[in-house]
Amino acid sequence: MFANACSIAREFTFPIIISYKQANGECFSIMGSFVVINDDGWFVTAHHIISQLHKMRVSYDSYHKLLANRKSIDEDQSLIQPIKKKQLAQLKIEPTAIENFSIWLGWDNVTLDKLIVLPQIDLAVGRLKNFDKAKIRNYPLFKDPEKTMEQGTSLCKIGFPFHVIKPVYEENKGFILPKESFPPPFFPLEGMFTRNVSVQSDIKKPYPLMYIETSSPGLRGQSGGPTFDIHGVIWAIQSQTHHLKLSFGDSDANPKVSDHIKHQYLNVGWGIHAKTLIGFFKEHGIPFQLSTY
């Protein structure tokens with residue numbers, strides 16, 4: 001059903017990889033997805049992916065400030081050894097502190113030029129620097145939310161779950177992503193449009209803050225990727241997964257029912273609604289293509 005739609009979505013969906021090195025020397029990566037909106041290099045993704053950069057910057061700054069303070073104490077000739085040892089012990093370096101980090105956006109030498117975020121709905125839109133528009137043949141169509149969006153419509157999500165990239169860090173080169181890890185494989189997952197979910201927020205916008213719920217979960221690595229119909233038209237940008245309690249065996253009439261019956265959930269996906277996406281694009285003057293239906 002979604003074979004043709006997936007081939008369309010793969011044209012404009014790419015991995016976003018954040019690599020980081022800890023103080024203990026271990027290197028790891030976080031991977032999500034992003035969708036290129038137009039030939040100016042604007043893209044859309046989930047804010048919670050991009051927000052990792054801020055968290056890492058805070059940890060990075062704290063770590064290097066701590067190193068500088070330790071060096072100052074260590075080199076202070078006026079301190080006797082017991083005092084120096086005590087002060088250094090008070091400036092303990094956590095093994096998970098961030099020593100270095102970087103972001104990789106689909107291609108080598110492409111960097112983040114501009115970023116606009118709406119955390120209340122987990123939305124981030126940015127522009128790629130050094131973007132080569134020849135890399136993409138077809139840009140996405142976004143579902144016109146003023147047209148029918150029928151409950152029960154089959155939708156699909158793609159992204160890059162179940163794939164681990166282990167970066168290597170070299171002082172003179174920075175982070176190196178293993179060639180054998182590329183290209184990361186796409187993973188599609190079908191579900192149906194179950195409900196609209198409205199978000200209550202103190203911020204005032206000329207458009208609603210909404211999610212589209214699907215009957216299948218969003219997987220790690222699909223965050224920031226598209227949720228689309230059988231024509232490859234984007235209805236939402238995958239954001240998060242919610243776990244709806246099924247309440248099997250919760251009745252007092254069945255006190256002996258086993259825990260594996262009681263604790264069961266339906267995992268559903270939430271994606272940022274086309275109505276919110278389009279409102280945000282218009283608010284910030286970002287060109288996009290709208291579907292005809």
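A polar contact here is a pair of N or O atoms within 3.5 Å; within protein, one must be able to donate a hydrogen and the other to accept it, and residues adjacent in sequence count only if both atoms are side-chain atoms. Another polar contact, at 2.9 Å, links the side chains of Ser 239 and Gln 240.

A word on the model: it is a predicted one, where local features need pLDDT of at least 70, side-chain atom pairs count only at pLDDT 80 or more, and totals for chains, interfaces and linings use all residues. Residues are numbered from 1 along each chain as its sequence is written, and side-chain values use heavy atoms, with hydrogens and water left out.

Ser 239 sits in strand β14, which covers residues 234-245; strands (E, at least two residues) and helices (H or I, at least four) are DSSP runs, numbered from the N terminus. Ser 239 counts as buried because its relative accessibility is 2%, buried being under 20% relative accessible area (1.4 Å probe, protein chains only). Leaving aside residues up to four places away in sequence, Ser 239 touches His 48, Asp 122, Tyr 211, Ser 223, Trp 270, Gly 271 and Ile 272, with contact meaning heavy atoms within 4.5 Å.

Zooming out, the protein chain has five helices and 16 strands. Its C-alpha trace spans about 75 × 65 × 45 Å along the principal axes. Of the 293 residues in the protein chain, 45% are buried. Among contacts in the protein chain with a separation of 6 or more, 72% come from residues 24 or more positions apart.

Notes
Buried means under 20% relative accessible area, exposed over 50%, partly exposed in between (1.4 Å probe, protein chains only).
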